[in-house]
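Please look over the sequence and the model below before reading on. The text follows the chain through some of its local features and contacts.

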Amino acid sequence: METDGLPTPRRYWSMTAIALVMTLAILDGVIANVALPTIARDLHTDPAASIWVVNAYQAAILAALLPLASLGEIVGYRRVYQAGVALFTLASLGCALARDMPTLILVRVIQGLGAAAIMSMNSTIIRFTYPSRLLGSGLGLNAMVVALASVAGPSIASAILAVAPWPWLFAINVPLGVVSFLVGMVSLPNPPGSSRRFDLVSAALNVLAFTPMILGLEGLIEGGHWLLTTVELGVGLFSGTALIVRSLTRSNPLVPIDLMRIPVFAMSIATSTAAFTAQNFAFVALPFLLEYAFGRSAVETGLLMTPWSILFGLVSPIAGRLTDRYPGAVLGSAGLGVMGLGLALLAVLPSHPSAFDICWRMALGGVGFALFQQPNNRALMTSGPRERAGGAGGMLATARLTGQTAGATLVALLFHASGNSPNPKILWVAAGGALVAAAVSWMKPHEAGRPTG
């Protein structure tokens, strides 16, 4: 077993495999959004039905993250990660071959399960790839890959659709997935699993908690039938409560209650959830504000939002190196303060802002988010025992996706309450969320971000 990271050059090959897989997973989510109108037209379905190409993928990820994280601790992180790569790759081929909407949605669920295995293990694999003194750098590099893939996604999708039909958006994953799998076979760390049994009951409760909850929130936003929405939310809340109660009585629970008893871990999870709620609130609201309130075109809107992701990608490796040297609580709260400032300045934009007025504020938000995320992730992944790294990684991914879902839901509800009349002042909600997250981050022990080895 590797006691503290991999030796070079194996570490570089491991990170190459991780970067390839994360690029595939991020690109897939982004390009699917861009291609929805084309897919709906080609498969002769309405736009509302086509949205399930995205929703089914995201719901499968959120429902499977914690069960797969727990499974990784038992059978081995590399096995679950590589199984996820293989499943994602095969499902990508299935998406490319799908010729009707029900088949495509079904295969997207399978692809989401593969993506969940990848995302639940990603931070854990990085933890065992890098020595403790360089873990922040590894997490920062991973964040840069995610940001660059997010920025490049729409352009890549547009370029492919300009010369080929939409199935090629999924087909390109196949050769890259095969390469990633083969490189991972010989390079990824392979710490042993544990001897405990997988908790099938908790896994089932987890699925019954997240899936109906997502469906219920969507029904609440879109004005679905009140009885069905109430039942879905009720089933989700009941199952979630039962899952937590069951987890309280187990030594290595699927929901890592044992880790939540560690103050640094619990506060890092709370900070991450609040920060991603604020960030995705802004990312969902801004396109409507830029187009409806400021009269920008769809192309201009995409370009004006790009500085956030670009600056996030550029600053993330720097933030990673800083968090290997300085207290994570200080860096994280400073970053969230900068992010909150950027969002507050966006909330007070003049009625006819220039492109420069918008871009430098967006860039400020990206810089702040990068300064927050790397030290927070490092503190979260190192605050618990190494044998519970799977649970920590799964909870990290769950906090991110939960925050993103909450942010999008909150925007939809506020838009509905305001009569669908977007106003920049709505961004004060996101700015307030970032400042709340900054306060929580500051209360963490300042030494949480210092090197541990």
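Pro9 sits in the segment before helix 1 (10-42), where helices are DSSP runs of H or I with at least four residues, numbered from the N terminus. A cis peptide bond, with omega of about 5 degrees, connects Thr8 to Pro9. This is a predicted model, in which local features need pLDDT of at least 70, side-chain atom pairs count only at pLDDT 80 or more, and totals for chains, interfaces and linings use all residues. Residues are numbered from 1 along each chain as its sequence is written, and side-chain values use heavy atoms, with hydrogens and water left out.

The loop between helix 1 and helix 2 (47-50) contains His44. His44 is a residue other than glycine with a positive phi, near 55 degrees.

Side chains of opposite charge can pair when their charged atoms come close. The structure has seven salt bridges, each a side-chain nitrogen of Lys or Arg within 4 Å of a carboxyl oxygen of Asp or Glu. In one salt bridge Arg108 meets Asp28, at 2.5 Å from N to O. Arg108 belongs to helix 5 (residues 101-129) and Asp28 to helix 1, so the pair links distant parts of the chain, 80 residues apart.Leu208, Trp226, Leu227, Val231 and Val235 make up a nonpolar patch on the surface, with about 490 Å² of accessible area together. Such a patch joins nonpolar side chains (Val, Leu, Ile, Met, Phe, Trp, Tyr) within 5 Å, from residues with over 30% relative accessible area and no salt bridge; the areas come from the Shrake-Rupley method with a 1.4 Å probe. Helix 10 (residues 226-248) gives the largest share of the patch, four residues.

Where do helix 14 (residues 328-347) and helix 17 (residues 427-443) stand to each other? Their axes, lines fitted to C-alpha atoms over the stretch in contact, come within 8 Å and cross at roughly 170 degrees. Helix 14 and helix 17 are therefore roughly antiparallel, the term for angles over 145 degrees.

Terms used. Axes fitted to C-alpha atoms, helices over the stretch in contact; angles between N-to-C directions. Helix = DSSP H or I, 4+ residues; strand = E, 2+ residues; numbered from the N terminus. Parallel < 35°, antiparallel > 145°, perpendicular 65-115°, else oblique. Patch = residues over 30% accessible without salt bridge, like charges linked within 9 Å, V, L, I, M, F, W, Y side chains within 5 Å.
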